[in-house]
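Please read the points below with the structure open beside you, and look up each place as it is named.

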Amino acid sequence: MKVPRVRTYIPGFDEILYGGIPERNIVLISGGPGTGKSILGKQFLYNGLLKKNEAGIFVALEEHPVSVIRSFKHFGWDITKYEKEGKFAIVDVFTAGIGSMAQKEKYVVKDVDNVGELTGVLRDAIRNLNAKRVVIDSVSTLYLSKPAIARSIVMQLKRVIAGLGCTAMFISQVSAGERGFGGPGVEHAVDGIVRLDLDEYEGQLYRSVIVWKMRDSKISMVRHPMDITDEGIIIQWDKYLRITNVKAEIQPLPQKEIEEMKKAVEETEEVVQETEVEEE
């Protein structure tokens, strides 16, 4: 029996996940500053709207809603039309309801420390939009000052999101150079972990992505080069990055692995299309 998957349509990402994210999985997108975490999450939401007409929700904890919209537009992703159609919404946890723009937002959490309020507002938004994709940026904000309950907070959010049939990305902040995932115990609460990195070697920066785990899915076991372009993130899924003390090099994957990844994505897309036909 094949696991139902959600295509991200992020170039190269579905390949290294052997088809996409298993449905209802909560994936931690972890990395330091400037690694592209927020871009990946927004691209995931926008592609769901553009390719599948799937409603999406962005939970803004560290960015003003106006800035969120502007950052989408930076890549040519017109999110406002979907917002007007009731297919996209921002859950505003950043402003706490303060300011003229905040008064216009439909989904506002006034107390960032009240996880119960957040889950309640998020639950309403998912139900109202019949959302299928959720991004929380960043989930680290909810437990940085109280790491002892980090796992509990993530589990509360996971129950609501997965329970209502959504697939989600939780953006997780780590310090530059830190190799963790952004919270004690959090890595055991989520279904998947994807790590984005920015490494310097001899004065040159190398962007890369590696999948640490993904429940119910085969994953690529190497670090892949990636780029941030004017159209979003592109992952070189058919290559791997190797950085040692003496050199940094990008090498092609074995052809057998390339063919397996391509086949997995093709099979996932066939299943997705068959499901759409049945629903129609």
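This is a predicted model: local features need pLDDT of at least 70, side-chain atom pairs count only at pLDDT 80 or more; totals for chains, interfaces and linings use all residues.

Which backbone oxygen lies 3.2 Å from a polar atom of the side chain of Asn25?

1. The backbone oxygen in question belongs to Arg215, and it lies 3.2 Å from a polar atom of the Asn25 side chain. Asn25 itself is found in the loop that runs between strand 2 (21-22) and strand 3 (26-31). Leaving aside residues up to four places away in sequence, Asn25 touches Thr167, Ala168, Asp191, Met214 and Arg215.

2. Although Asn25 is in a loop, it counts as buried, because its relative accessibility is 5% and buried means under 20%.

3. Helix 2 and helix 3 (residues 65-74) pack with their axes 11 Å apart and at an angle of about 75°, which means that helix 2 is roughly perpendicular to helix 3. Where they meet, Lys42, Leu45 and Tyr46 come from helix 2, while Val68, Ser71 and Phe72 come from helix 3. The residues of this contact divide into four nonpolar, one polar and one charged.

4. Helix 9 (residues 255-279) has 25 residues, so at 1.5 Å a residue it should span 36 Å, and the 37 Å between its end C-alpha atoms agrees with that expectation.

5. Within helix 9, the residues Ile258, Met261, Ala264, Val265, Thr268, Glu269 and Val272 are buried. Their cover includes strand 1 (5-6), helix 1 (13-16), helix 2 (37-52) and strand 11 (224-229).

Note on methods. Residues are numbered from 1 along each chain as its sequence is written. Side-chain values use heavy atoms; hydrogens and water are left out. Helices (H or I, at least four residues) and strands (E, at least two) are DSSP runs, numbered from the N terminus. The expected span of a helix is 1.5 Å times one less than its number of residues. Buried means under 20% relative accessible area, exposed over 50%, partly exposed in between (1.4 Å probe, protein chains only). Contact means heavy atoms within 4.5 Å. A polar contact is a pair of N or O atoms within 3.5 Å; within protein, one must be able to donate a hydrogen and the other to accept it, and residues adjacent in sequence count only if both atoms are side-chain atoms. Axes are lines fitted to C-alpha atoms, for helices over the stretch in contact, and angles run from 0 to 180 degrees between N-to-C directions. Angles under 35 degrees count as roughly parallel, over 145 as roughly antiparallel, 65 to 115 as roughly perpendicular and the rest as oblique. Ala, Val, Leu, Ile, Met, Phe, Trp, Tyr, Cys and Pro count as nonpolar, Asp, Glu, Lys and Arg as charged, and the others, Gly among them, as polar.
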